Amino acid sequence: MTDLQEVQQLLLRLCSVTGTPGEEALAAAVVRQEWEAIWPDVPIETDGMGNVTAALGNRQAARQVLLDAHLDQIGLVVTGIDDHGFLRIAPCGGVDRRVLPGSSVTVYGQETRRGIVCCLPPHLVEGGADKVSPVDQMYVDLGMDEQEAKALVSLGDRISLQAEPRLLLGSRITAAGLDNRAGVAALLRCAQLLKQKTLRYGVTFLFSSREETGCEGAQTAAYQAAPTEAVMVDVSFASQPGVPTAKSGKLGEGVMIGMAPSLDKDMTKTMKRLAQEQGIPYQMEIMGGKTGTNADVIGVTRTGVKTALLSIPQRYMHTTAEVVDLADVERVAQLLAAYLLEEGGNLDGRL
């Protein structure tokens with residue numbers, strides 16, 4: 001199996017399950033299974049916040065590196081059931097309300113049921129077809145009356161956007177939840193690349209919870225891990241019509257290396273140099289403030305943590321049709337491994 005085929009199968013498995021903020025258990029179970037296949041002798045743990053962590057190398061060394069990718073994906077939560085059986089909803093994370101009307105969703109109640117987000121024919125919408133109601137004014141139709149719906153669904157039950165992972169032309173893939181299962185896949189691939197290598201310092205792999213609702217999982221897990229430096233892996237905007245070139249990367253053209261006031265400049269320079277030396281395609285992502293990722297909270301944990309950010313270009317973020325290129329996921333894994341093995345590790349030529 002080639003590297004890209006490995007990434008492809010990994011992403012298909014990761015995106016086949018849901019994991020909205022605070023309810024990442026199904027996604028966490030897949031991560032645990034994948035980790036145990038790679039490092040069967042290295043324990044992997046789940047904490048009270050739903051974070052999944054595993055540690056390699058020497059936990060007593062002065063240098064401790066934290067690698068993070070968040071597990072959760074955007075979704076919805078049930079806030080009420082009206083007298084006709086329609087479910088009232090609210091966003092759970094940064095849901096794009098423009099794509100919801102008419103969308104197929106999965107409701108996780110006492111039984112798992114498929115539903116449709118209600119929509120009106122454009123002819124009947126005041127103000128025309130361009131008007132989109134706030135999410136908390138939308139409803140989900142399960143095809144049930146009030147009594148049936150209340151027997152199966154409770155307030156607070158989660159709803160995920162429904163889309164089966166699909167392979168596209170070339171090395172591209174589409175799925176709901178690629179934000180940030182693509183980053184999770186990159187960390188797992190990095191773990192595979194570290195097999196048979198020696199690390200003389202500590203490396204903690206963190207698959208964090210609740211990023212989409214405030215980064216709480218990464219904040220608590222980073223406090224526990226007490227790293228001296230950290231690298232976050234997330235997705236960022238890929239070029240498409242209407243997206244400014246200065247604010248996007250290109251699909252299939254490599255790792256997006258973040259540069260921002262909140263990130264460590266020396267770590268960023270090292271990532272850029274290693275990409276050049278290892279022949280790993282990369283792109284620079286320049287930000288003028290915070291990054292909008294877990295890097296923002298991990299960087300200010302305890303007395304401060306030096307942080308870097310590697311991103312995977314992605315189109316159609318927070319929809320059911322997110323798109324990434326498998327090659328970019330693999331390149332992030334390669335750059336992470338090169339970074340970990342360069343100092344205090346065992347880097348034997350190109351990865």
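Here is a short chat about this predicted model.

Q: What does β4 pair with over 6 bridges?
A: Strand β5, residues 87-92. The two pair in the antiparallel sense.

Q: Which residue in β5 stands opposite glycine 75?
A: Cysteine 92.

Q: And what about the hairpin of β4 and β5? How many residues sit between the strands?
A: There are 5 residues between them. Glycine 85, in that hairpin, has a positive phi near 90 degrees.

Q: How many bridges join β4 to strand β9?
A: There are 2. β9 covers residues 158-161, and β4 and β9 run antiparallel. Valine 77 stands opposite arginine 158 of β9.

Q: Back to β5. Is alanine 90 buried or exposed?
A: Alanine 90 lies in strand β5. Its relative accessible area is 17%, so alanine 90 counts as buried, the cut-off being under 20%.

Q: What does alanine 90 touch, beyond residues up to four places away in sequence?
A: Gly75, Leu76, Val77, Thr79 and Val135. Also, the C-alpha atoms of alanine 90 and glutamine 137 are separated by 8.2 Å, with the two residues 47 apart along the chain.

Q: New topic. How many residues are in the largest nonpolar core?
A: That core has 64 residues. Leu11, Trp35, Leu67, Leu194, Phe205 and Leu340 have the most contacts inside it.

Q: What is tryptophan 35 in contact with, leaving aside neighbours within four places in sequence?
A: Among its contacts are Pro40, Val42, Pro43, Ile44 and Ala54. Others include Leu56, Leu188, Ala191 and Phe205.

Q: How many residues does the second, separate core have?
A: It has 21, including Met138, Val140, Met144 and Leu161.

Q: On to helices. Which residues of α5 are buried?
A: Gly217, Ala218, Ala221, Ala222 and Ala225 are buried in α5, which covers residues 216-225.

Q: Where do the buried residues fall, seen down the axis of α5?
A: Within an arc of 120 degrees, so they line one face of the helix.

Q: What covers the buried residues of α5?
A: The cover includes β3 (64-70), β12 (202-208) and α7 (295-298).

Q: What follows α5?
A: Alanine 226, with a positive phi near 50 degrees.

Q: Where is cysteine 215 found?
A: In the loop between β12 and α5. Its phi is near 65 degrees, which is positive, and cysteine 215 is not a glycine. Cysteine 215 is buried, with a relative accessible area of 10%.

Q: What about histidine 318? Where does it lie?
A: In the loop between β16 (306-314) and β17 (322-325). Histidine 318 has a positive phi near 65 degrees. Its relative accessible area is 15%, so histidine 318 is buried.

Q: Which residues does a cis peptide bond join?
A: Aspartate 179 and asparagine 180, with omega about 15 degrees. Asparagine 180 is in helix α4, residues 178-193.

Q: Last one. Which ring does the charged end of arginine 63 sit over?
A: The ring of tyrosine 201, at 4.3 Å from its centre. The charged end of lysine 195 sits over the ring of tryptophan 39, 4.4 Å from its centre.

Methods: Residues numbered from 1 in each chain as written. Predicted model: local features only at pLDDT ≥ 70, side-chain atom pairs only at ≥ 80, totals over all residues. Heavy atoms only, no water. Pairing = 2+ DSSP bridges. Helix = DSSP H or I, 4+ residues; strand = E, 2+ residues; numbered from the N terminus. Buried < 20%, exposed > 50% of the residue type's maximum accessible area, 1.4 Å probe, protein only. Contact = heavy atoms within 4.5 Å. Core = buried A, V, L, I, M, F, W, Y, C linked by side-chain atoms within 4.5 Å. Arc of directions from axis to C-beta. Lys NZ or Arg CZ within 6 Å of the ring centre and 35° of its normal.
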